[in-house]
Amino acid sequence: MDISIESLSQNFEDHLLLENNHRIIFSGKFGMGKTFFLQRYFQHHQDQYNTILLSPVNYVVSSNENIFELIKADILKELFLTQKIRLTTLAKDTTLQRISNYIEKSPLVLPRFLAKVLAKINPAVEVPRQLVEDIVKMMKEYSAVPEEKYRTLTQEASDFVGATEEAIGGIYEYNYITKAINIFLEEIREEKKNVLIIDDFDRIDPEHIFRILNILSAHNNSFNEENKFNFDHIIIVCDIINIKNIFAHKYGANVDFDGYIDKFFSSDIFHFQNSDAIKLYIAETFGTDKDTPYTALASLTLQTLIDHNFLTVRRLLKHRFQINVRNFPVTRWSEEKNSIWPNFISKTAVPYVDSSDLPILSFFKLMSFIYGSFEDFYRYLSELSTSKGLVEYENYLFVAGFLAFQQHILAKEQNALFFSVRNKNTSLEGIEYPEINFNGKPYRIIHKWSFNHPYKGEISYFNAAKAEPLHISNDQVPAYQASPLFNALKIIANTCYERGLLQKAGIHLSNHLIRSSKSIIPGPNPST
């Protein structure tokens, strides 16, 4: 399943349709799904909009003056490669065909422009041969059309284009390439609106950020038009906090950022917040307290990480990787069997535990995949262990029981691991299920073995076992603090590391990782 955009789509549509809302700053934290949302939204509304999505972060330029030429080249590339414009199928009397007359004195200037500028885009793309051939063919075919037939367009272009406006890279430029783009966009408009989306705007060179903004602003002021190239909407995708910090670094903290940025959006900044949709996605993907303890723990942890801005959509979607933990032995009975021996374990059996009894290892491997390393997840886990978040009472008991069970397997040894003896002076009546104290409360590990169904050592001892609280308070509260659960998870992580279980589970650990009774990860706390 995908992350739902339904509720967010309505909010964005209301913003997009505001009167005269031609320039939009679409702000959200890095990795929260801004690009995914915009692509999906305009895909669903392709009958209303022609969209061109650019990502200037891919550009490699030699000078700041070239950045806008790259944007124009990318617009042309998108128009042709996405089949929005197909020169060979257009009628001969369309406005688009008049471009041959418009640049008749330099019939190869457009292909040369594409060849020169597209070569600077990284990753490198070969200039589409068919595109160049079609443009040249169009120019040759219509260059013989008498100039008088389109005298108005030719004369208008000749009169309009001056030395300043023709200058490549100038902030007031309005050269033949710009004019060509305007004509192309007007030709495909029909009943739709043309939308330019500039993605990853806060990830490009700071000099380019403000040059692009200044060019857009200068065009609006100089030519009394709503947007460059006559786009109905230009959407700048970024984290406005990053733009503000870059501005302060470049111009100084005392320079008025709000006054500067106001002219680059028409209404107000659209703040993209999809945490509710992400949490719904997590709940539906991993389940709730009605599902397995593993999925309940994963759901609780991921949703809490989202609440603290410790997790992005980009990282979350890595959960789709298949998580496999090979089966390996963890511990087994190694002492001599004494006279006090439970009747639910065969005298010839050797009780043992393997990795299938520790699904927590799969959870740790999942988090290692999501964050790229186990250390990074552990740093955020350390933050959660002191947070003030709450979890529903029933879900708290469910997750606590799972963690108590995992902690029991990791912390207990020999008979204390497999059973408990309440009174050593009694016979078999004093032997019961094993117990553990978890967060100050006693839990009992319930397994499936009994006198009529004894354990014979053919499978792991805790196969299908679970932990249950011995006492449930009558004074139940709606929610408990989640921090004790994350603190217990942190302790379990340390124990798994110290026993070498993380490594055996195939979880990569950095070479600098050191043992510590308090933390397996040295270094400062993560920033939000």
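A disulfide is a covalent bond between the sulfur atoms of two cysteines. The model you are looking at is a predicted one, and its structure holds zero disulfides. The protein has 528 residues, of which 49% count as buried. Its chain folds into 21 helices and 14 strands. Here is a short tour, topic by topic.

**The overall picture**

**A parallel sheet**

- Five strands come together in an open sheet, and their order across it is β2-β3-β4-β1-β5.
- The pairing in this sheet is parallel.
- Which strands stand at the edges? They are β2 (49-54) and β5 (270-271). Each has a single partner strand, so one side of each is left without a neighbour in the sheet.
- Further in, you can follow β3 (residues 193-198) alongside β4 (residues 233-238), where four bridges join the two in the parallel sense.
- To find one of these pairings on the model, look for Ile198, whose bridge partner in β4 is Ile236.

**Two cysteines to look up**

- Is Cys238 buried or exposed? Its relative accessibility is 2%, and buried means under 20%, so Cys238 counts as buried.
- Cys496 has a relative accessibility of 0%, so this cysteine counts as buried too.

**Where two helices meet**

- Two packed helices are described by the angle between their axes and the distance between the axes.
- Helix α16 (residues 360-371) packs against helix α20 (residues 483-498) at an angle of about 95°, and their axes are 11 Å apart.
- That angle makes the two helices, α16 and α20, roughly perpendicular.
- From α16, the residues making the contact are Ile360, Leu361, Phe363 and Phe364. From α20, they are Leu489, Ile492, Ala493 and Cys496.
- What classes of residue make up the contact of α16 with α20? There are eight nonpolar residues, with no polar and no charged ones.

**A loop residue, Ala482**

- Ala482 sits in the loop between β14 (479-481) and α20.
- Although Ala482 is in a loop, it counts as buried, at 2% relative accessibility.
- Leaving aside residues up to four places away in sequence, Ala482 touches Gly389, Leu390 and Val391.
- How far apart are Ala482 and Leu300 in sequence and in space? They are 182 residues apart along the chain and 8.9 Å apart in space, from C-alpha to C-alpha.

Definitions and conventions
Residues numbered from 1 in each chain as written. Predicted model: local features only at pLDDT ≥ 70, side-chain atom pairs only at ≥ 80, totals over all residues. Heavy atoms only, no water. Pairing = 2+ DSSP bridges. Disulfide = S-S within 2.5 Å. Buried < 20%, exposed > 50% of the residue type's maximum accessible area, 1.4 Å probe, protein only. Axes fitted to C-alpha atoms, helices over the stretch in contact; angles between N-to-C directions. Parallel < 35°, antiparallel > 145°, perpendicular 65-115°, else oblique. Contact = heavy atoms within 4.5 Å. Nonpolar A, V, L, I, M, F, W, Y, C, P; charged D, E, K, R; others polar.
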